[in-house]
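Reader: I would like to learn how to read a fold from a coordinate file. Please take one feature at a time.

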Amino acid sequence: MFDFHSHILPALDDGSASVEESMALLLECKRQGIASIAATPHFYADKVSPEVFLLQRQQAFEKLNLHQHPHLPAVVLGAEVQYYDGISHSKEILKLRMEGTKVLLLEMPQTRWTHHMCQEVLLLNHQQDVRVLLAHMERYWFTPNQKCLEWMHSQHVFFQANGSFFVQRQTRKKALQLLKNGMIDVLGSDCHNQKDRRPNLEAAQKMIAAALGQKYLDRLTARQNQLLQP
Ligand SMILES: [Fe+2]
């Protein structure tokens with residue numbers, strides 16, 4: 001499985017604090033059967049330019065790479081881009097896609113979205129070289145933004161859900177229902193550390209297989225492959 005969302009690069013954002021922690025997270029991902037993992041540090045357009053962000057990301061990646069082994073999951077560089085006004089006509093946005101793909105992991109604000117914001121996401125997604133992947137859709141679904149989400153999904157925006165949505169007892173039922181309804185396309189661990197935000201896709205997959213059967217895991221794999229198509 002491909003993990004579409006993580007903060008495993010060392011000392012870059014609120015994720016892994018050190019190379020040692022990053023290595024421990026990668027080893028745990030390997031144990032859980034993750035073949036590749038997208039490193040998606042937070043990108044905030046009002047705080048840093050894409051150039052500086054990409055340089056800092058590269059430096060963190062190189063530190064990690066000194067310890068990387070071929071048997072560990074492959075790390076694909078990306079970003080978790082926070083929505084900003086004008087994102088749909090930013091030329092630089094293409095540099096923030098996951099390496100070798102058209103996938104742009106997009107984080108939306110927790111506020112009520114305007115019609116303009118939803119339209120911008122769709123405009124971004126309609127660009128030929130961009131496939132928008134909405135990060136942790138479960139954070140927005142149970143809010144007044146649900147209508148906008150339904151609109152986005154009908155217009156082929158992909159939705160990522162976090163492993164924790166399936167693992168946590170209090171949200172599990174809702175997660176399985178959304179997966180059954182076809183609203184969840186791919187999974188990400190959104191792992192940050194070894195304490196409270198650990199890699200969790202193995203547990204999420206077990207939960208899905210036990211509750212809904214292998215068919216739904218196969219469906220996630222098919223959507224994953226569709227999203228990663230060049
Ligand atoms: Fe994240």
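Author: Helices (H or I, at least four residues) and strands (E, at least two) are DSSP runs, numbered from the N terminus. The protein has nine helices and nine strands. This is a predicted model, in which local features need pLDDT of at least 70 and side-chain atom pairs count only at pLDDT 80 or more, while totals for chains, interfaces and linings use all residues. Residues are numbered from 1 along each chain as its sequence is written.

Reader: How is the radius of gyration of the protein to be read?

Author: The radius of gyration is taken over C-alpha atoms, and the globule rule is 2.2 Å times the number of residues to the power 0.38. Here the radius of gyration is 17 Å, close to the 17 Å that the rule gives for 230 residues, so the protein is as compact as a globular protein of that length. The C-alpha trace spans about 45 × 45 × 30 Å along its principal axes.

Reader: What is the strand order in the open sheet?

Author: Strands of a sheet pair through backbone hydrogen bonds, either parallel or antiparallel. Two strands count as paired if DSSP finds at least two bridges between them. The open sheet has six strands in the order β3-β5-β6-β7-β8-β9, with parallel pairing. Its edge strands are β3 (42-43) and β9 (186-188), each pairing on one side only.

Reader: Are the faces of β7 buried or exposed?

Author: A residue is buried if 20 or more other C-beta atoms lie within 10 Å of its own, exposed if 12 or fewer, and partly exposed in between, with C-beta atoms placed from the backbone. In β7 (residues 131-134), R131 and L133 on one side and V132 and L134 on the other are all buried. L133 has F158 in β8 as its bridge partner. Of the 230 residues of the protein, 40% count as buried.

Reader: Where is E21 placed?

Author: E21 is in helix α1 (residues 19-31). E21 is partly exposed, with 18 other C-beta atoms within 10 Å.
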